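Please report on the pockets and the central sheet of the model below. Keep it brisk.

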Amino acid sequence: RHVFDQIDLVAPTPSTVLVTGESGTGKELVAGVIHERSKVAEREFIAVNVAAMPAGTVESQLFGHEKGSFTGATQRHEGILRGVHGGTVFLDEVGELSLEAQAKLLRAIDVKEVFPVGGVRPFRVDFRLVAATNRRLEQAVAAGTFREDLFFRLNVFRIELPPLRGRREDIPALVQHFVRLHE
């Protein structure tokens, strides 16, 4: 109930949300509910697992690229952040971004602009950001593997998801839900 109270509190605002918790706690589901209850619910919701993207393509996928900017770039690609215009982007495993990609994401959040790979001019972007990680970003900041300024931009409103072992009272309701799904 506490998590849904937090969702209800933040959903109607444009605030950036950081969802934390162990793998399997439902971070993407929370992001989807935030979007559904937001003022941009009729717009697109795109979920991106940063850790599942090949390392060399993350910036191209998120920020776009110009034709000919690298081998295989046979056409221009606008990128996820431009393509979701006015909607919500859910960046899962945001702690896996390279420092260079973190700097570009920080600019996209702060200035609402992205520079595509190989681009010479920025493009305006308009998106709601919900980010998630199962890593302790405070520790990554201390270790120098995550930008402190980006951490503060992501951590505007934080929702911590407890593991199921910490909320055993939810198990009967979950069992009923899954039984109904598979009847």
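A pocket here is an open set of points on a 1 Å grid over the protein atoms alone, with protein on both sides within 12 Å along at least five of seven lines; lining residues have an atom within 4 Å of a point. The model is predicted: local features need pLDDT of at least 70, side-chain atom pairs count only at pLDDT 80 or more, and totals for chains, interfaces and linings use all residues. Residues are numbered from 1 along each chain as its sequence is written, and side-chain values use heavy atoms, without hydrogens and water.

**Pockets**

The largest pocket is lined by 20 residues. Phe4, Thr25, Arg167, Asp170 and Leu174 lie nearest its centre. Helix 1 (2-10), helix 2 (27-36), strand 7 (157-161) and helix 8 (171-181) each give two or more residues to this lining. Helices (H or I, at least four residues) and strands (E, at least two) are DSSP runs, numbered from the N terminus. Helix 1 supplies the largest share, four residues.

The table gives volumes, meaning the space filled by probe spheres set on the points, with grid points joined across faces, edges and corners. In the classes, Ala, Val, Leu, Ile, Met, Phe, Trp, Tyr, Cys and Pro count as nonpolar, Asp, Glu, Lys and Arg as charged, and the others, Gly among them, as polar.

| Pocket | Volume | Lining by class |
|---|---|---|
| Largest pocket | about 660 Å³ | twelve nonpolar, four polar and four charged residues |
| Second largest pocket | about 160 Å³ | four nonpolar, four polar and four charged residues |

The lining of the second largest pocket includes Pro12, Lys39, Gly87, Lys112, Asp126 and Arg128.

Five strands form an open sheet in the order 2-3-6-1-7, with parallel pairing. Strands pair if DSSP finds at least two bridges between them. Strand 2 (45-49) and strand 7 stand at the edges with a single partner strand each, so one side of each has no neighbour in the sheet. The twist averages 15° from one strand to the next.

Strand 6 (residues 128-133) runs parallel to strand 1 (residues 17-21), joined by four bridges. Thr20 stands opposite Thr133, and Val17 opposite Val130. Helix 1 packs on the sheet and touches strand 1, strand 6 and strand 7 (contact: heavy atoms within 4.5 Å). The direction of helix 1 makes about 160° with that of strand 7. Axes are lines fitted to C-alpha atoms, for helices over the stretch in contact, and angles run from 0 to 180 degrees between N-to-C directions.

Strand 3 (residues 88-92) also pairs with strand 6 in the parallel sense, over four bridges. Val89 has Leu129 as its bridge partner.

Which residues cover the two faces of strand 6? Arg128, Val130 and Ala132 are buried on one side, and Leu129, Ala131 and Thr133 on the other. Buried means under 20% relative accessible area (1.4 Å probe, protein chains only).

Conventions
1 Å grid on protein atoms, 1.4 Å probe; cavity = no way out; pocket = protein on both sides within 12 Å on 5 of 7 lines; lining within 4 Å. Buried < 20%, exposed > 50% of the residue type's maximum accessible area, 1.4 Å probe, protein only.
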